[in-house]
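Please keep the sequence and the model in view while reading.

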Amino acid sequence: MRRSKYIRPEHLLNNGDRPRLTTSAMIASIAGPDQPTKPAPFGHTLAALADRDPRIVGLSADLAKYTDLHIFRAAHPDRFYQMGMAEQLLMMAAAGMAREGFQPWVTTYAVFASRRAYDFICLAIAEEMLDVKIVCALPGLTTGYGPSHQATEDIAMFRGMPNLTIIDPCDAHEIEQAVPAIVAHKGPVYMRLLRGNVPLVLDEYGYEFELGKAKLIRDGRDTLIISSGLMTMRALEAAKELQKDGVDAAVLHVPTIKPLDEATILAECRRGGRLVVVAENHTVIGGLGEAVAATLMRSDVRPAAFRQIALPDQFLEAGALPTLHDQYGFSTGKVVSAIKGWLDE
Amino acid sequence: MTEIGHNVSLSERARRIRRNALRMGEVQGQGYIAQALGVADVLAVSYFHATNYRPQDPEWEGRDRFLLSIGHYAIALYAALIEAKIIPEDELGTYGMDDSRLPMSGMAAYTPGMEITGGSLGHGLGIAVGMSLALKRKGSKSFVYNLFSDGELDEGSTWEAAMSAGSYKLDNLIGIVDVNQMQADGPSLGVMNFEPLVPKFEAFGWFVQRVDGNDVDALVKAFDAARHHEGAQPRMIICDTKMAKGVPFLEARERNHFLRVEPHEWAEALKIIDAGAVA
Ligand SMILES: Cc1ncc(C[n+]2csc(CCOP(=O)(O)OP(=O)(O)O)c2C)c(N)n1
Ligand SMILES: [Mg+2]
C-alpha cells in the first residue's frame with residue numbers, strides 16, 4: 001500500500017549511490033534481456049497487407065508513433081489520417097469511413113479507446129457491425145505510468161459490447177498472423193497491441209493463430225494454465241520452471257477473448273482432475289478468468305480447483321515495470337510460486 | 001501574493017526551475033525535459049507572482065488552485081514546487097523512482113501541491129469549471145488556474161469546458177495553454193490545426209490574451225490583467241513557448257516530445273543554465 005503523500009520516502013533519500021529502478025521510458029519493453037524480438041510487427045504487417053488491399057486506411061489520435069502505425073503511415077502516407085488527440089472523433093470518423101466501404105484501422109492507447117471512446121465505439125461502430133479495427137497499445141499492466149495509462153479493465157468493458165471481437169495476442173509471431181486474419185474477418189475487432197520490440201515466443205512451438213480458436217501449446221498432467229496475451233509468455237516460462245521441480249503444466253492459449261472458444265476450454269478442463277489457473281494481463285474482474293469460470297459453471301464442469309492470476313481490483317501503482325510485475329504477481333517467479341502454493345493446498 | 005523570497009527575480013526563479021527539471025531529467029536519462037524547459041517561465045510567474053499559497057500547508061483553503069492537466073509535465077511542476085518549497089529539494093533525485101512522491105505522470109495522491117491527477121489529457125479545464133463553480137458557492141476569493149497543453153486543444157472535452165466556463169461567466173477561472181507547437185506525433189499544427197485560437201476562445205466568451213510564454217515581463221502583465229480584468233468572464237492566457245528553451249543544443253532537436261539526452265550532455269545543459277545565474 002502506498003503511503004500518504006505527506007510522508008517523505010526516507011528510505012529513498014541518503015541511500016548513497018545504490019542504483020534504483022525508475023519508471024523510465026514510456027517505451028518500456030516487456031521483453032526479457034536476452035529474448036528474441038521483432039520490431040513493430042503490427043505496423044509492418046498492416047503496411048504489407050495494405051499493398052494488396054485498397055480498402056485499408058489507418059487513423060490515429062496523435063499516437064501513430066507510439067502504436068507502430070507510423071510504419072503504415074510511412075508506407076502509405078495518402079492512406080493515413082491524423083485525427084488529432086481526439087479519441088471520440090477517431091472512432092466516429094472510422095465509423096464514417098467504414099460506412100463508405102473502407103476498412104479503417106484505428107490506433108490509440110487501450111485506456112483511451114475503452115474509457116473515453118466507449119460510447120462511440122459501441123453505437124457508431126459495434127451496433128452497426130461496421131468493419132472497424134481498433135488496435136490499442138499499453139494493455140493491462142504494460143506501463144509504469146500509473147492508472148491514467150494502465151488499461152486494467154478494457155476487456156471487462158469490451159466484453160460487454162455486442163458484436164465486438166476481442167483479441168489479446170501473446171507475441172510478434174501471433175500479431176503477424178492475427179492482423180491478416182482480422183483483415184479477412186468482417187466486423188468490428190478490438191486488438192490489444194504489443195508495440196516496439198515485441199518478444200518472439202510462439203514460433204518455437206509451431207503455433208498458428210486462428211481467429212476464435214484456443215490452442216494447447218503444451219500439455220501437462222498436474223495443472224492447466226489458461227492464458228492470453230503476454231501472460232501466455234509468462235505461463236510458458238513458468239511451465240519450464242515448474243518442470244524442473246517435477247510439476248507438469250499444460251498451457252492453453254486463448255488469444256480470442258470474444259467469442260470465446262468454449263468447446264476447447266471445456267474439453268481441456270474435463271481432462272483429469274487438474275488445477276485450472278487462468279492467467280491474464282487484466283483485472284480479476286470481468287476478463288478471461290471470469291469468462292472461463294462462467295463457462296465451466298454453465299456446463300457443470302468442475303476442475304480440481306480454479307484459481308486466477310490477474311490484477312487486483314485496485315488502481316495500480318506507478319513504478320518500474322519489472323517491480324510492478326513482481327508486486328502484482330506477473331513475473332515468472334511469482335507465477336511459479338503461486339501455482340506451487342495452490343498445488344500444495 | 002505569496003510572501004516568499006520577493007528579493008529573488010522571476011527570471012532567477014525560472015532559471016532555478018529549469019535547473020531542477022534538468023536534474024530530475026538526469027535521474028531518468030530521458031523524458032519530458034523540453035516541455036519543462038519551455039514552460040519554466042510560465043511556472044515562475046504563476047508560482048512567484050500570480051498565485052497565493054502556503055508552502056507548509058498545501059491544502060490551505062485560501063490558496064489559489066493550480067491544476068495541471070498535463071500529467072507528463074509533472075517534471076516541470078515538481079521543479080516549480082521544489083522552488084516554492086512545497087516539496088523538499090532533496091527529493092529531486094527520486095523522480096520517477098519506485099516509491100517516490102514524484103512519479104513520471106502527475107497524480108494528486110502522490111505529491112503535495114498536485115491538485116489533480118493528469119495524464120488522461122483533456123480533464124483539467126472541466127475540473128477547473130467545477131472548482132470555480134464550487135469556490136463561488138463557498139464565497140471564496142481564490143482563483144482556479146488550469147495549465148494545459150496545445151495537444152489538449154484537440155480534445156472535445158476541452159471545448160465543452162470552455163463553452164460552459166463562458167456560459168457561467170467564470171471570472172475566477174484562468175486558463176493557461178502552453179502552445180509549444182509539439183505533440184506526440186510531431187508539430188501541433190501538423191497533427192491538428194487548432195488556430196486561430198484567440199477568436200475561438202473569444203467566441204466562447206473568454207477574455208483572451210496571447211503572449212510570448214518565454215517573456216517574463218509579458219507574462220507578468222498578462223497574469224495581472226487576467227486577475228484584475230473587470231468583465232464577468234473566464235480568462236485565457238495563450239502562451240507561445242519554445243520547447244527546450246534556454247538550452248540551445250536541445251532547442252535544436254526536432255523530435256523533442258520525449259527527449260533522449262546523452263549522459264555527458266546533462267552537465268553541459270546545466271552549465272548553460274547556470275551561466276545565467278544571479279548571485
Ligand atoms: C486522452 C489522451 N490521449 C492520448 C494521450 C497520449 N499522449 C500523451 S502526451 C500526448 C501529446 C499531447 O500533446 P501535448 O501535451 O501538447 O504534447 P507535448 O507538448 O508534451 O509534446 C499524447 C497524445 C493521453 N495522455 N491522453
Ligand atoms: Mg504541446
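## Magnesium site

The magnesium ion (ligand 2) is held by B:Asp150 through OD, B:Asn180 through OD1 and B:Met182 through O, at 2.1 to 2.2 Å; donors here are N, O and S atoms within 2.8 Å of the metal (3.2 Å for Na, K and Ca), and as water is not among the atoms, sites may look incomplete. Along the sequence, the donor residues follow the spacing D-x29-N-x1-M. Distant parts of the chain are linked in this way, since B:Asp150 sits in the loop between β3 (144–149) and α5 (156–167) of chain B, and B:Met182, 32 residues apart from it, in the loop between β4 (173–179) and α6 (188–191) of chain B. Helices (H or I, at least four residues) and strands (E, at least two) are DSSP runs, numbered from the N terminus.

This is a predicted model, in which local features need pLDDT of at least 70 and side-chain atom pairs count only at pLDDT 80 or more, while totals for chains, interfaces and linings use all residues. Residues are numbered from 1 along each chain as its sequence is written, chains are lettered from A and ligands numbered from 1 in the order in which they are written, and side-chain values use heavy atoms, with hydrogens and water left out.

## Interface of chains A and B

The contact, meaning heavy atoms within 4.5 Å, takes 42 residues from chain A and 47 residues from chain B. About 3,600 Å² is buried between the two chains, with carbon and sulfur atoms giving 49% of that area; buried area is the accessible area (1.4 Å probe) that two parts lose on being put together, summed over both.

Over all chains there are 43 salt bridges, each a side-chain nitrogen of Lys or Arg within 4 Å of a carboxyl oxygen of Asp or Glu, and 3 salt bridges are found across the interface of chain A and chain B. In a salt bridge between B:Glu155 and A:Arg116, the N to O distance is 3.1 Å. Because B:Glu155 lies in the loop between β3 and α5 of chain B and A:Arg116 in helix α4 (residues 110–116) of chain A, the pair joins two chains.

## Backbone features

Two cis peptide bonds can be described in turn. One joins A:Lys258 and A:Pro259, with omega about -5°, and A:Pro259 is placed in the loop between β12 (256–258) and α9 (262–270) of chain A. Another joins B:Glu195 and B:Pro196, also with omega about -5°, and B:Pro196 belongs to the loop between α6 and α7 (197–203) of chain B.

A:Leu138, a residue other than glycine, has a positive phi near 60° and is found in the loop between β5 (133–137) and α6 (154–159) of chain A.
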